[in-house]
Amino acid sequence: MSTNPVSIKTTPTFNTSAPNRLPNFSAGPATIPTAVLSRAQEELLDWQGSGMSVMEVSHRSKEYLAITEKAEAKLRSLIEIPDNYKVLFLQGGASLQFSAIPLNLLNGGRADYLTTGTWSDKAIKEAKRYANLGLGEINMVATGKDSNFTDVPAQSDWNLSDDAAYFHYCANETIHGLQIFELPQVNVPLIVDMSSSILSQSINVSKFGMIYAGAQKNIGPAGLVIVVVREDLLGRASEWCPLLLNYKHQAEKESMSNTPATYSWYLAGLVFDWIEEQGGVAALGKINQQKADLLYKTIDDSSFYSNPVATQYRSIMNVPFTLADSSLDKVFLEESAAAGLMNLKGHRDVGGMRASIYNAVPLEWVQQLVDFMIAFEKKYG
Ligand code: PMP
């Protein structure tokens with residue numbers, strides 16, 4: 001019989017070795033920094049000498065509350081969240097926020113929505129369901145549908161409401177690879193879906209009424225959605241708003257109206273520590289730009305690959321591309337997987353390939369992808 005002694009040590013700094021990790025370009029759930037997974041592994045059976053796993057302790061215990069407080073403080077410092085904003089760590093993914101937003105903020109009024117791809121389209125469709133129940137009105141200011149969501153209608157052509165309760169948009173359309181870098185110029189609370197772009201570049205939180213993001217791209221594992229909401233927007237919820245979706249209630253309960261996603265929250269805290277160790281969001285933003293530039297240059301330098309998105313809206317997080325000869329798609333995916341480059345299949349709405357290059361994807365992986373693409377083009381082009 002083999003005894004299997006488990007040796008546990010908690011190290012103060014991240015272990016950066018990456019044994020057997022394959023370049024993973026998944027759109028989400030997506031790559032988590034190897035160093036974070038190693039740390040979680042080290043702490044899995046015995047969190048900081050407690051003799052228990054983080055997963056096994058009460059969310060109301062002093063030890064666990066130390067984790068949540070630290071995670072919130074780190075996120076606040078990473079993106080400089082002003083004091084008049086609440087940070088909520090909720091469940092139901094970004095999609096449940098599509099309901100929570102009108103339920104909390106419509107308040108009998110009219111809300112403006114910009115449609116730029118699959119995700120903002122889902123958000124407006126969900127909001128309209130509440131409008132149809134009499135909770136208010138939903139107005140689509142513009143849609144990029146005519147361009148197959150490769151471009152955004154000019155703001156001068158938007159049909160803005162006079163006095164909207166809020167303006168909703170998606171900063172980065174994960175499926176279409178379309179990112180809005182400029183802030184929409186509106187005088188009402190800006191509500192933004194940053195699921196696939198949060199923490200990838202510096203932002204000015206004070207320009208937003210609310211930011212929300214599902215965790216499974218740049219924050220950590222699925223099961224968590226982060227909501228950063230300005231305090232004056234609390235307390236407007238419809239009486240139909242479920243308590244668990246009510247921002248004011250969740251803020252008062254410190255996101256613990258019921259049992260939160262404790263392990264995902266803990267891992268998010270580790271990811272925030274890791275981002276800080278990388279030099280913060282601005283430092284990661286520079287690397288993210290380099291990664292995106294390298295990939296787009298490879299695509300643009302060839303007539304074999306193409307990306308349809310208008311240049312100023314090209315996402316630095318999700319890069320879809322097609323092959324001139326789509327009958328080679330299957331071969332590309334087989335050969336890239338054989339070369340250890342994982343999860344490059346494009347979304348079924350768009351086809352072709354997509355490389356998601358979130359914070360945790362290092363420049364070297366993008367270089368490996370580009371080397372593969374060039375070799376593939378030589379072979380089949
Ligand atoms: N918004 C965006 C921009 C997304 O990319 C996604 C998921 N890919 C969602 C919303 C929905 O997230 P969830 O699956 O967490 O509900």
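Me: Is Met55 buried, exposed or partly exposed in this predicted model?
Reply: Met55 sits in the loop between α1 (34-43) and α2 (62-78). Its relative accessible area is 47%, and because buried means under 20% and exposed over 50%, with partly exposed in between, the class for Met55 is partly exposed.

Me: Which residues make the nonpolar surface patch of about 270 Å²?
Reply: Residues that join such a patch must have over 30% relative accessible area, and Met55, with 47%, is above that cut-off. The patch covers about 270 Å² and is made by Leu44, Leu45 and Met55.

Me: How many aromatic pairs does a search of the whole structure find, and what kind of pair do Phe167 and Tyr169 form?
Reply: The search of the whole structure finds 16 aromatic pairs. Among them, Phe167 and Tyr169 lie 6.2 Å apart, centre to centre, with 50° between the planes. Since planes under 30 degrees apart count as stacked and over 60 as edge-to-face, with the rest tilted, this pair is tilted.

Me: Are Phe167 and Tyr169 buried or exposed?
Reply: Phe167 has a relative accessible area of 0%, while Tyr169 has 2%. Because the cut-off for buried is under 20%, Phe167 is buried and Tyr169 likewise counts as buried.

Me: Which helices hold Phe332 and Phe372?
Reply: Phe332 and Phe372 form an edge-to-face pair, 5.3 Å centre to centre with 80° between the planes, and both residues are buried. The pair links distant parts of the chain, 40 residues apart, with Phe332 in helix α8 (residues 329-338) and Phe372 in helix α9 (residues 363-380).

Notes
Residues numbered from 1 in each chain as written. Predicted model: local features only at pLDDT ≥ 70, side-chain atom pairs only at ≥ 80, totals over all residues. Heavy atoms only, no water. Patch = residues over 30% accessible without salt bridge, like charges linked within 9 Å, V, L, I, M, F, W, Y side chains within 5 Å. Areas by Shrake-Rupley, 256 points an atom, 1.4 Å probe, with all protein chains shown as cover. Salt bridge = Lys/Arg side-chain N within 4 Å of Asp/Glu carboxyl O. Helix = DSSP H or I, 4+ residues; strand = E, 2+ residues; numbered from the N terminus. Buried < 20%, exposed > 50% of the residue type's maximum accessible area, 1.4 Å probe, protein only. Phe/Tyr/Trp six-rings, centres within 6.5 Å; stacked < 30°, edge-to-face > 60°.
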